[in-house]
Amino acid sequence: MPKHGKRYRTLYEQVDRERNYAPADAIALVKGFQTTKFSETVEAHIRTGLNVRHADEQLRGTISLPNGLGKEQKIVVFAKGDKAREAEEAGADMVGDEDLAKQVEEGFTDFDVAIATPDQMGVVGRLGRILGPRGLMPNPRTGTVTNDVGKAVSEAKAGKLEYRTDRGANVHMPLGKLSFDERRLLENYAAVVEEIARAKPAAAKGRYIQGITIASTMGPGIKVDPTRTRDIVAELEEEPEAVPA
């Protein structure tokens, strides 16, 4: 195990490294790790069996989590004229074209989502080396290259997230804040897993979802049973209700 602080080691010892936890049990365990002064983010890391070197086995899409993320997304929009005004009215944090592109080229990446109108892709295209590795490059497949910028901004503000496989065929997704109650986190986890299962590429071969780990920002990973992809929230319903005194 890499060298970590005392708090991490204490939490690490609470996790059974040989066990694939049921989703509800994993969420309950990670909730018990809430000992920092700030509310950490809980993340899911999904390992797939996709061969991402093949275009037809790459995974990319969007999802709106039922309980949001516990924070407001910071949105920038590349647009001008009426579309720029539409983006501003919808609540975009920053709107521009060449001026905004220049700020990004100079190092500005303090935002969660970038949206662009189609006529701005000539401007945005040269930012690919900056935005691409950060997962911020606007893409028509995920609805972030569109003339309906008002709708795109509203959806992003409501918590719409983009997901995609990385070079190792993994998908990394936030599930919300550790301060969320167990049900809210479990509902978000269920939405993510069900979406990844639904979006399985037709060309995928072998076992698709090979492993799932959840972790808080400062906590150890907890392995979750990757075969449980349906009726996940029902696990909470199966718990016996407390008998009134």
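Student: Hi! What should I know before I start?

Tutor: Residues are numbered from 1 along each chain as its sequence is written, and side-chain values use heavy atoms, with hydrogens and water left out. The model is predicted, so to speak: local features need pLDDT of at least 70, side-chain atom pairs count only at pLDDT 80 or more, and totals for chains, interfaces and linings use all residues.

Student: Which residues of helix H4 are buried?

Tutor: In H4, residues 98-105, they are Leu-100, Ala-101 and Val-104. Buried means under 20% relative accessible area, exposed over 50%, and partly exposed in between, with a 1.4 Å probe and protein chains only. Helices (H or I, at least four residues) and strands (E, at least two) are DSSP runs, numbered from the N terminus.

Student: What covers those buried residues?

Tutor: The cover includes strand S3 (75-78), strand S4 (94-96), helix H5 (121-125) and helix H6 (128-131). Contact means heavy atoms within 4.5 Å.

Student: Where is Leu-127?

Tutor: Leu-127 sits in the loop between H5 and H6. Leu-127 counts as buried because its relative accessibility is 0%. Not counting residues up to four places away in sequence, Leu-127 touches Phe-78, Ala-101, Val-104, Glu-105 and Gly-132.

Student: Changing topic: is Thr-144 buried or exposed?

Tutor: Thr-144 is buried, with 11% relative accessibility. You'll find Thr-144 in the loop between H6 and helix H7 (149-157).

Student: And what does the side chain of Thr-144 reach?

Tutor: The backbone nitrogen of Asn-139, at 2.8 Å. The Thr-144 side chain also makes a polar contact with the side chain of Thr-142, at 3.1 Å. A polar contact is a pair of N or O atoms within 3.5 Å; within protein, one must be able to donate a hydrogen and the other to accept it, and residues adjacent in sequence count only if both atoms are side-chain atoms.

Student: Now the sheet. In what order do the four strands come?

Tutor: The order is S7-S1-S8-S9, in an open sheet with antiparallel pairing. Strand S7 (170-177) and strand S9 (222-224) are the edge strands, each pairing on one side only. Two strands pair if DSSP finds at least two bridges between them.

Student: How many bridges join S8 to S9?

Tutor: Three bridges join strand S8 (residues 209-216) to S9. As one example, Thr-213 has Lys-223 in S9 as its bridge partner.
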